[in-house]
Amino acid sequence: MSQQLITSNEISPTSGVANTGIVGLLQSGQIGSVSNTSIVGTLNISNGGTGLSTVGTNGQVLTSNGTTLSWVTPTAVTPGGSNTQIQFNNAGAFGGSANLTWDGTNVFLNNAGAARLGWNNAGNYYNWIESAGGVGTGYMRFATVNTEFMRLDSSGNLLIGGTTSPSGKSGNLVIETSSGGLWWQSASTAYMGTLDANPLVIYTNNAERMRIDSAGNVGIGTSSPTTFQGLVAIAKTSAAAESVPLSLVNVSGSTGTSVSLGFAPNINIDLVRLNAYRTDTGYGGATDLLFKFWDGSNITEKMRVTNVGVIKNASGRPMLNQTGGILQVVQTVWTGTQSTTGTNSWVNITGLTASITPSSTSSKIMVIVNIGRAGGGTGTVSTAFRLTRGGTPIGVGAPTGSQIAASFMNVMWQSDTNHSQGGLTINYVDSPASASSVTYSVDWYIQNTFQWYINRNASGGNSTDSYNAYVPSIITLMEIAG
């Protein structure tokens, strides 16, 4: 293989890499040599050079400022962390004090103050997580669109919607918002509760208002629902006369709407139901209270209290607790006998008495007395009767002079002692104006010197003849709503 000498005058220092004077001399497979190595000048960067007229010394490297190159000697920097970490500091370089480190497992932001990890959106709003505070008092802040919405403090309290760490409720979730709430959304069932034997307690204004204990008892206004008999205990401390501890509301407000409270002795159906039924659309709504009962196939109305206080049965007919309605009935059926010798004076019929306790001072008492039979002696005989309340005559006439005051009297002619007066009746409506026990009785007035009998004839004959019949006397008391 032949060799060819290239002389210095054949090379131009400012010539390009593609100079044909060189390329033409060095052919493939040939080895050329340069006899003169003292080549001076600048080889432009565009021609593959450095653009420098000098050559760097041993250990130097070329660096660029974006426009030109220069020779520099590198400076050794000791990393701030261990050799197993990737590190970056806030001066924008590796080494020194490491502010961002990764050891293959953990990523740390190291700073004397708050340290924040953010996601920037073209320099505009961004989301971030920040660690702030000191040891033992630190907290985590979570922000979206550059605004904090959640904070976790050093005690494990989580605050959503506020910027002040919650206190006094260690381990709790606190939601701070002017409007809104806490919602569960699930494809099947959403749960809220405890996983142990502790109660679930609901607060308002930082005070307990409702509690569900571990046995499922519900207390509203009380922290001890088992103190009361029942699954749900409602304790109201208000002294207001119309304090309502429980309200069932239907907000539709139209005629015919209702709201019900059911009682279910078993899990299948409520067997008794109280139903408030709206009868008009006026302010507040006039409402009847319906009592419904299970009849084996349906829950049907059996009784109703109207909005004016009238009690009606299932057919709509008035029953009790209205003006003129019967509230209670007391009756005495006296089957004994009594005999008295006429003394022209009043004698009490000791077995014909009854007592009643009115439910209101406005109530009236209907008194019905039936004298089975009374008689004695022969010829023209008469006897009188009067009604008494507590021993005081009532429902009697207004006599003058020496006349007697009676409730009623009877005159008859008896041919013998087998016959006597019968079916004598008193009907009287009294107004005792009392809510205490009231006793009613009957007196009879015997004239002449005859021996008189009640509930039998004077002869006392023992035969099947009707005139020898023994009959009862009856006093009936009925309280009528006033």
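This is a predicted model: local features need pLDDT of at least 70, side-chain atom pairs count only at pLDDT 80 or more; totals for chains, interfaces and linings use all residues.

Biologist: Thanks! How many helices and strands are there in the protein?

Modeller: The protein has 1 helix and 33 strands.

Biologist: And what share of the residues counts as buried?

Modeller: Of its 482 residues, 23% are buried. The accessible surface is about 30,200 Å², and carbon and sulfur atoms hold 53% of that. If you look at contacts with a sequence separation of 6 or more, 45% of them join residues 24 or more positions apart.

Biologist: Let's get to the strands. How do S14 and S15 pair?

Modeller: S14 covers residues 200–204 and S15 covers residues 207–212, and they run antiparallel with 5 bridges. Across that pair, Ile-202 faces Met-210 in S15. The two strands make a hairpin with 2 residues between them, and Asn-205 in the turn has a positive phi of about 55°.

Biologist: What does S15 do with S16?

Modeller: S15 also pairs with S16, residues 218–220, in the antiparallel sense, over 3 bridges. Here Ile-212 sits opposite Val-218 in S16. This is a hairpin as well, with 5 residues between the strands, and Gly-216 in its turn has a positive phi of about 90°.

Biologist: Further along, in what order do S18 to S22 line up?

Modeller: They form an open sheet of 5 strands in the order S18-S19-S20-S21-S22, with antiparallel pairing. S18 (258–263) and S22 (311–313) are the edge strands; each has a single partner strand, so one side of each has no neighbour in the sheet. On average, neighbouring strands of this sheet are turned by 25° against each other, direction ignored.

Biologist: Which residue stands opposite Ile-311 in S22?

Modeller: That is Val-305. S21, residues 299–305, pairs with S22 in the antiparallel sense over 3 bridges.

Biologist: Changing topic: how many salt bridges does a search of the whole structure find?

Modeller: It finds 9. One of them joins the side chains of Glu-148 and Arg-151, at 2.7 Å from N to O. Both Glu-148 and Arg-151 are buried. They also belong to a salt-bridge network with Arg-116, Glu-130 and Arg-141.

Biologist: What about Arg-386, who is its salt-bridge partner?

Modeller: Arg-386 forms a salt bridge with Asp-443, with the closest N and O atoms 3.1 Å apart. Arg-386 is in S27 (residues 379–389) and Asp-443 is in S31 (residues 438–446), so the pair ties together parts 57 residues apart in sequence.

Biologist: Why do those two count as buried?

Modeller: The cut-off for buried is under 20% relative accessible area. Arg-386 has 16% relative accessibility, so it counts as buried. Asp-443 is buried too, because its relative accessible area is 9%.

Biologist: And what does Asp-430 form with Arg-389?

Modeller: Those two form a salt bridge with their closest N and O atoms 2.6 Å apart. The pair links distant parts of the chain, as Asp-430 lies in S30 (residues 421–430) and Arg-389 in S27, 41 residues apart. Asp-430 is buried at 3% relative accessibility, whereas Arg-389 is partly exposed with a relative accessible area of 27%.

Biologist: Now the nonpolar part. Which residues have the most contacts inside the largest nonpolar core?

Modeller: They are Ile-349, Val-369, Ile-371, Phe-385, Tyr-440 and Trp-444, in a core of 26 residues. Elements giving two or more residues to this core include S25 (345–356), S26 (364–375), S27, S30 and S31.

Biologist: What does Ile-349 touch?

Modeller: Leaving out residues up to four places away in sequence, the residues touched by Ile-349 include Trp-334, Ile-371, Phe-385, Asp-443 and Trp-444.

Biologist: Last stop, the loops. Where does Asn-146 lie?

Modeller: Asn-146 lies in the loop between S10 (139–144) and S11 (147–152). Although not a glycine, Asn-146 has a positive phi of about 65°. Its relative accessible area is 36%, so it is partly exposed.

Biologist: And Ala-433, buried or exposed?

Modeller: Ala-433 counts as exposed, at 57% relative accessibility. You will find it in the loop between S30 and S31. Ala-433 has a positive phi of about 55°, despite not being a glycine.

Definitions and conventions
Residues are numbered from 1 along each chain as its sequence is written. Side-chain values use heavy atoms; hydrogens and water are left out. Two strands pair if DSSP finds at least two bridges between them. Helices (H or I, at least four residues) and strands (E, at least two) are DSSP runs, numbered from the N terminus. Axes are lines fitted to C-alpha atoms, for helices over the stretch in contact, and angles run from 0 to 180 degrees between N-to-C directions. A salt bridge is a side-chain nitrogen of Lys or Arg within 4 Å of a carboxyl oxygen of Asp or Glu. Buried means under 20% relative accessible area, exposed over 50%, partly exposed in between (1.4 Å probe, protein chains only). A nonpolar core is a set of buried Ala, Val, Leu, Ile, Met, Phe, Trp, Tyr and Cys residues joined through side-chain atoms within 4.5 Å. Contact means heavy atoms within 4.5 Å. Accessible areas come from the Shrake-Rupley method with a 1.4 Å probe; for residues, only the protein chains shown count as cover.
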